[in-house]
Amino acid sequence: MNKKKFPKAVLRTAEQMREAGAAPRSESPDNVIEMVPKSEAAPTTTIAAQPTAASTDPAMALRRRQAVAIVERYANYSAIGGALPVPLANAAAITALLVRMVKSLSDLYGVPFERTRTRSIVIALMGGALPTGFATIATSTISLFVPGVNVLGLAVSSVTSGAYARSIGQLFIEHFENGAAVDFRSIIKR
Amino acid sequence: MAHSIITVATMKGGSGKSTLASCLAVHWQLKGRRAAIIDADPQSTIVRLAAREKALGGVPVIEDATDDAFKTAQRLVGEYDTVIIDTPGFRSQATLACLGVTDFVLVPVKPSPFDVDRMLDTLNVLINGVSGRRPVFRCVLTQTTRDSVIAKHIRSELAEAGFPVLDSEMTNRVVYAEAALWGATPSLLDKKSPAAREIAAIADEVTHICESTTHVIRAASA
């Protein structure tokens with residue numbers, strides 16, 4: 001019918017609305033910051049705005065968004081790193097990636113960065129603070145030695161590394177949000 | 001469609017609610033039906049319109065921008081054949097209350113993504129029910145450029161997504177603003193003008209839908 005080709009104008013269908021009930025749209029793009037949580041979600045109940053540090057200052061909210069974006073990016077990198085088919089080398093690669101991630105984060109938050117210290121924190125987090133997670137990584141890395149199950153090993157290793165980067169990144173974001181430098185003890189305590 | 005309440009509602013401002021409401025009321029009045037308008041919009045567009053020379057051809061306009069506008073509608077519907085409620089162009093308790101008592105909802109929408117997006121919020125309310133009711137509704141395209149590709153595009157997408165749209169639409173015409181200068185609508189100035197014919201077509205569709213739904217409701221309760 002149309003000579004011109006247009007993108008979609010109607011982004012929701014009646015069916016989706018029925019399924020979702022009166023729930024509001026949850027996803028918002030990275031460059032949109034909500035200063036006040038939408039009160040339209042529940043017209044019958046009143047939702048009191050919960051002002052946190054991040055939601056009261058748009059600059060901080062934006063910085064947090066950027067930080068989360070950095071962590072997401074590195075999580076994807078380390079998922080690829082985790083798929084390296086060389087045992088142990090992939091763990092080293094991921095450590096290096098995580099150190100770089102922390103550097104990006106500390107640049108973003110304007111916190112001085114110390115490579116050696118960060119590396120020891122990252123290794124400590126991978127090993128000591130989260131033993132079950134480490135076991136998974138260790139297992140998936142070791143499974144690379146076993147001939148025949150390599151594909152499975154790679155998949156598991158890739159997924160766990162991604163998850164790792166995400167949780168460690170989150171930890172550092174919280175840490176920097178609270179205005180601290182790269183300090184060994186306060187991070188390990190979490 | 002004796003004694004029905006029709007609400008013109010969308011949370012998007014500038015979509016043509018007041019124009020549509022006043023045009024329909026005047027059209028029905030000219031056809032010999034007793035019609036009244038409740039202006040629940042704090043902008044008082046229709047009240048101001050009625051203050052001009054032709055005073056909307058004598059259609060009674062009741063100004064009630066309070067949360068109780070729906071009660072006014074319920075009170076009036078016995079005296080008039082059709083009570084049309086013009087609602088504010090933003091989310092309000094008054095609008096929600098009116099949607100809870102209305103027989104039919106007209107949702108005007110301009111063929112632009114800004115308007116469609118916001119209108120979908122209104123449709124979401126209608127689809128998921130207001131005060132336990134799911135009023136019958138129809139979208140109606142307003143301020144369209146005749147035969148424009150975008151209007152056709154949006155019309156077909158709305159239909160595809162499961163949102164009912166009236167076949168008739170309100171084309172963008174200067175006569176609406178010109179008539180408003182007189183406190184009139186196109187039907188009042190010239191019954192045979194293209195704009196008046198479009199209004200008549202919309203009114204006929206609405207009448208038809210209201211009659212058939214009343215019929216269904218009566219059959220169900222019988």
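Which helix of chain B gives the most to the lining of the second largest pocket, and with how many residues?

Modeller: The model is predicted. In the second largest pocket, the top contributor to the lining is helix 1 of chain B, with five residues. The space in this pocket comes to about 360 Å³. Its lining has 22 residues, and those closest to the pocket centre are B:Gly16, B:Lys17, B:Ser18, B:Thr19 and B:Thr45. Sorted by class, the lining of the second largest pocket holds 12 polar residues, eight nonpolar ones and two charged ones.

Residues lining the largest cavity include B:Ala9, B:Thr10 and B:Met11, then B:Thr87, B:Pro88, B:Phe90, B:Arg91 and B:Ser92. The lining of this cavity also includes B:Thr95, B:Leu96, B:Leu99 and B:Thr122. Helix 4 of chain B, residues 93-101, supplies the largest share of that lining, with three residues. By class, the lining of the largest cavity has six nonpolar residues, five polar and one charged.

On the surface, B:Leu181, B:Trp182 and B:Leu189 form a nonpolar patch, and together they have about 310 Å² of accessible area. B:Leu189 belongs to helix 8 of chain B, which runs over residues 186-189. Why can B:Leu189 count as partly exposed? Its relative accessible area is 37%, and partly exposed covers the range between the buried limit of 20% and the exposed limit of 50%. That value also meets the patch rule, because a patch takes residues with over 30% relative accessible area.

For the other chain, the description is brief. Chain A has eight helices and zero strands, so its pattern along the sequence reads α-α-α-α-α-α-α-α under the DSSP run assignment. Of the 190 residues in chain A, 31% are buried.

How values were computed
Residues are numbered from 1 along each chain as its sequence is written. Chains are lettered from A and ligands numbered from 1 in the order in which they are written. This is a predicted model: local features need pLDDT of at least 70, side-chain atom pairs count only at pLDDT 80 or more; totals for chains, interfaces and linings use all residues. Side-chain values use heavy atoms; hydrogens and water are left out. Patches are made of residues with over 30% relative accessible area and no salt bridge: like charges are joined within 9 Å, nonpolar side chains (Val, Leu, Ile, Met, Phe, Trp, Tyr) within 5 Å. Accessible areas come from the Shrake-Rupley method with a 1.4 Å probe; for residues, only the protein chains shown count as cover. A salt bridge is a side-chain nitrogen of Lys or Arg within 4 Å of a carboxyl oxygen of Asp or Glu. Helices (H or I, at least four residues) and strands (E, at least two) are DSSP runs, numbered from the N terminus. Buried means under 20% relative accessible area, exposed over 50%, partly exposed in between (1.4 Å probe, protein chains only). On a 1 Å grid over the protein atoms alone, a cavity is a set of points where a 1.4 Å probe fits but cannot get out, and a pocket is an open set with protein on both sides within 12 Å along at least five of seven lines; lining residues have an atom within 4 Å of a point. Grid points are joined across faces, edges and corners, and a volume is the space filled by probe spheres set on the points. Ala, Val, Leu, Ile, Met, Phe, Trp, Tyr, Cys and Pro count as nonpolar, Asp, Glu, Lys and Arg as charged, and the others, Gly among them, as polar.
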